[in-house]
Amino acid sequence: WRAACTRWETDVEEFDLTLHHAVDDLFALYTGTDGDAVITAGIPWYSTVFGRDSIIASLETLPLNPRIAVDTLRYLARHQGVKTDPYTEEQPGRILHELRRGEMARTGEIPHTPYFGSIDATPLWLVLFHETWRWTGDEALVRELLPHAARALEWIDRFGDVDGDGFVEYASTSERGLVNQGWKDSSDGVPFPDGTQPRPPIALVEVQGYVYDARLRMAQLFLAMGDEDTARRLREEAAVMRRRIVDRFWLPELGTFALALDGDKRPIPTIASNAGHLLWSRVPTRDLAIAVADRLLADDMFSGWGIRTLSSSHTVYNPMSYHAGSVWPHDNAIIALGLAHYGLGRYVVPVVQALHEVAIHMKLHRLPELFCGMRRSPGMHPVLYPVSCSPQAWASGAMFLLLQAALGIFPDAPAGVLHIREPHLPPFLNRLTVQGLRVGDARVALEFRRYEERTLANLLSIEGGPLRVQVDLY
C-alpha cells in the first residue's frame, strides 16, 4: 500500500507523522464489500459505504493514490439507482447515500438497503469522474462509466429539481429518511440564524455549485468522446445556472452567499462554510470569491483551529454541535482548494497551519471527523467532539487536498501537463518533497522550498510519460 502511494516528506517530523498515519488509516478504511474494494466512511459509527463520504475521500486522495477514486466510481456506478422507491428514496440514476446490512436493514425497519437520500452524492460522483480522468487520463474508464454519467445527469434534470425552479433541492419521501440531505445532514444542520428550521424543498447553495461544476466537467468528457451536441447543451445549461446562483444566493449585506433557499424560495441568510464550496466549483467572479474568502477567515468563522461550519455571530451558533459551529477538516480542505482555484493561496496558508496544529494535539497526530469550534486562546488545546469518528476517511484525506491547494498542483493528464500554480508553503515548513506523484502514466518527483514569503518549485524527475510540468501565474 505504501509503495503504491505518493510519498510526502517535509522538514517537520510532526507533520510527517500526520501524513504517514493518514496513509495507514486510509488503508484500514479501504475494505472489501460485495467482492469489490471501496473506501468506507469511518470507525466506529460508519464502517460502511457512503456515497458522499467515499466520493469526497476519493477526491482528496487523488494526489495520494487514484486507485481509491477508480474503485469508488465503479462501486457506486454498479449500485446506481434503477427504480423509484419512496421508502429507500431510490430513483433511476441516483447515487446511493448509505448501505447497512444489519438486522434492522434486513427486516425493513430502516431503509438503508441501500438508502439513497442524498442530494449531493450524484453531482459529486460526476465531479469525481471527471477529476479522476484529469489525474489518470484513463479513456477506457471514461468509456466504461459514461453511460452511468448520462443516467446521473438525467436524474439531476428529472428528479433533482422537484419544483421546476431550475435549482436542485430535496424533500424527503421516506418516513425513516433524512430531513436534511446535504453533507450537514443533522436535523438542525440547515438553520435560519435564529435556529428556525426551513420548510422543504430546500436548495442548498453548495449543491447548486456541484451541479454547475458537474455539467461543465461532463461537457468536457462528452466532447473528448466525440459527442459535441451533448457537450454544447451542458455548457449552455451550466452558464445559465451560474448566473442564476449568483442572482438568487448572493447577499451583499453579508458579503457571502445564502446558506440555501427554503420551500418558499426565501434566501436563508445564515453565514456558513457552505458558501466556501462554491469557490471549489468556481461559481463566483473573482471579486465575489475574495469577498467570500474574507468572510470565511473573519473572526466569527475562523476559530484559530480552522473554519467553522457556522458563524459565531448567529443565535443558533453552538461550538459543541455537530454542524452549527464545529470545525470539519474535510470542509476546510474543500474550501482551501476553492481558494487555490482563484489564486488565493495566501488564504490557504492559515488553514493548513491551523489544522497541522490541531493534529499535533491529537492521538497519533490523527485529524478526527470534527472537533469543537471554540475560539482559540493562548494555552488552549482544540476541544474534541466526544463521538466523532477517528479514523474517518474524509478527515484522513483532508491534509492531502490541503497540500494540493497550498502547492497549486493541478493535473491535466489527457493533455500531458502538470500545472503548478503559485505554491505557498505555510510558515512552519521550509521544505516539502513529493515523490511518485501519478499523473497519467508518469510518476513525478517535485521539491518545494520556502524563502521568506516566496515558495519555489523544483522538478526532480519524471518517470514514464509523456508529461511536462508547467508553472503558471494567475
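A: Here is a walk through the cavities and what lines them. This is a predicted model, where local features need pLDDT of at least 70 and side-chain atom pairs count only at pLDDT 80 or more, while totals for chains, interfaces and linings use all residues. Residues are numbered from 1 along each chain as its sequence is written, and side-chain values use heavy atoms, with hydrogens and water left out.

A cavity is a set of points, on a 1 Å grid over the protein atoms alone, where a 1.4 Å probe fits but cannot get out; lining residues have an atom within 4 Å of a point. Volume is the space filled by probe spheres set on the points, which are joined across faces, edges and corners. Searching the whole structure turns up two cavities of 30 Å³ or more.

Let's start with the largest cavity, at about 70 Å³. Its lining includes Thr-18, His-21, Asp-25, Arg-366 and Met-399. Helix H1 (13–29) and helix H13 (393–396) each give at least two residues to this lining, and H1 has the largest share, with four. Helices here are DSSP runs (H or I, at least four residues), numbered from the N terminus. By class, this lining has four nonpolar, four polar and two charged residues. Ala, Val, Leu, Ile, Met, Phe, Trp, Tyr, Cys and Pro count as nonpolar, Asp, Glu, Lys and Arg as charged, and the others, Gly among them, as polar.

The second largest cavity has a volume of about 50 Å³. Among the residues around this one are Ala-340, Leu-344, Arg-421, Glu-422 and Tyr-474. Its lining divides into four nonpolar, four polar and two charged residues.

How values were computed. 1 Å grid on protein atoms, 1.4 Å probe; cavity = no way out; pocket = protein on both sides within 12 Å on 5 of 7 lines; lining within 4 Å.
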